[in-house]
Amino acid sequence: MTDITTIHAPVLLQDCVDLVTPALQHEGAIVVDCTLGLAGHATAFLKAAPHATLIGIDRDTEALSLATERMRNEGLVQRFIPAHAAFDEIDEVLREHHINHIDAAFMDLGLSSLQIDETERGFSYSHDTALDMRMDTTQSTTAATILATYDARELTKIFREYGEERFAAPIARRIVETRVAQPLTTSSQLVNLVDAVIPKAHRAAGNPAKRVFQALRIEVNGELDKLSRTLPKIALRLRAHGRLVVESYHSLEDTTVKRFMNQGLSVDVPANMPVIPDDAQPFFAPLTRGAMKASQEEIAHNTRSSSVRLRAVELCRPIPERWMSRLEDEAAGRTLRNGGC
């Protein structure tokens, strides 16, 4: 049997424990790991907070099964509640378990090693496999579906916005031209197509298809829209002094997280206002100075930590009424634009 503790190395593990668990040192504390994966962070939280219960949300049924087994082996399963859901379904999960408020929420937005290393999942451009990229294998839309059905304008938009790909338009046009004669169904087909389009003189380091794969993964799983909806849902559920801790791995995620947190970290009045009303005071307090990054030592042991950006805030006062409806609108997706960032 594979030791799942060796499959995935949690990124910035001790930093995350130090940020999350101070809010969990009381009887009945509740923490939600919105991106459970193989429970590397989750098991560490429960060990550091012996009075806490953790709700672990994941779209991947295989990951949920392995995480539950790990909790059982660690003797933590009595304080663990698994939930098969996308993280933007956090309200539904909490209602199902009759929970109104939580003490902390954690999100690790990177792919788990389980997803990357299982070649049939199609997340990696390093293996020739079917273009799948679904985090939840019960959903129908795959990367191959998108490549077969989106028009050139739609493909250009996702490559440009989600992949920040400079050659989004010519790549999109080549995909539409190519699929007339032969559907794009494997990672090697897509890698070869992108390789043929991007001029060698204008390539960044690494595989030239990296940004296109990133964009497709985000589109398949609706990641940025879900993130934009989930952050306000968490804020509305936090108890006093509750904590929100998020690890991001590319600029679009980090921008979304930073922009959301800054809403609660800023004074919500005109710059020249002489007296700041109480309901305009910040309701978040920063727990990190900007974004924390992995040390060179951690990067040397775990290369997947090289792009991490860790941000954390604490709910320092009740959310003012003037902000409640705004957060509720964001949670419902009524203010989404440009992919939710």
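Let's start with the largest nonpolar core, which has 33 residues; M107 and L244 touch the most other members. Keep in mind that this is a predicted model. Helix α11 gives the most to this core, with 4 residues. As a reminder of the background, nonpolar side chains in soluble globular proteins tend to be buried together.

So what is L244 in contact with, once we leave aside its neighbours within four places in sequence? The list runs A105, L231, I234, F260, M261, R311, A312 and V313.

Two packed helices are described by the angle between their axes and the distance between the axes. Helix α11 covers residues 223-237 and helix α12 covers residues 251-265; they pack at an angle of about 25°, with their axes 10 Å apart. Angles under 35 degrees count as roughly parallel, and α11 and α12 are therefore roughly parallel to each other. Their crossing is right-handed.

Now, α11 has another partner to show you. Helix α14, residues 321-331, crosses α11 at roughly 140°, and the two axes come within 7 Å. That makes α11 oblique to α14. Is this crossing left-handed or right-handed? For α11 and α14 it is left-handed. On the α11 side you will find S228, R229, P232, K233, A235 and L236, and they meet M324, L327, E328, E330 and A331 of α14. The residues of this contact divide into 6 nonpolar, 1 polar and 4 charged.

Not counting residues up to four places away in sequence, D91 touches K233 and R237. Is D91 buried or exposed? Its relative accessibility is 17%, and the cut-off for buried is under 20%, so D91 counts as buried.

L12 sits in the segment before α1, which spans 13-20. L12 is buried, with a relative accessible area of 2%. Leaving out residues up to four places away in sequence, L12 touches E247, M292, K293, A294, E298, V308 and L310. For a sense of scale, L12 and A169 are 157 residues apart along the chain, and their C-alpha atoms are separated by 37 Å.

Finally, a couple of backbone angles for those of you who like to check torsions. Which loop holds H98? It is the loop between α4 (90-96) and β4 (102-108). The phi of H98 is near 60°, a positive value in a residue other than glycine. H98 is exposed, with a relative accessible area of 72%. E164 also has a positive phi, near 50°, and is likewise a residue other than glycine. You can find E164 in the loop between α7 (152-163) and α8 (168-181). With 39% relative accessibility, E164 counts as partly exposed.

Methods. Residues are numbered from 1 along each chain as its sequence is written. This is a predicted model: local features need pLDDT of at least 70, side-chain atom pairs count only at pLDDT 80 or more; totals for chains, interfaces and linings use all residues. Side-chain values use heavy atoms; hydrogens and water are left out. Axes are lines fitted to C-alpha atoms, for helices over the stretch in contact, and angles run from 0 to 180 degrees between N-to-C directions. Helices (H or I, at least four residues) and strands (E, at least two) are DSSP runs, numbered from the N terminus. Angles under 35 degrees count as roughly parallel, over 145 as roughly antiparallel, 65 to 115 as roughly perpendicular and the rest as oblique. A crossing is left-handed if the near helix is turned anticlockwise from the far one by less than a right angle, and right-handed if clockwise. A nonpolar core is a set of buried Ala, Val, Leu, Ile, Met, Phe, Trp, Tyr and Cys residues joined through side-chain atoms within 4.5 Å. Buried means under 20% relative accessible area, exposed over 50%, partly exposed in between (1.4 Å probe, protein chains only). Contact means heavy atoms within 4.5 Å. Ala, Val, Leu, Ile, Met, Phe, Trp, Tyr, Cys and Pro count as nonpolar, Asp, Glu, Lys and Arg as charged, and the others, Gly among them, as polar.
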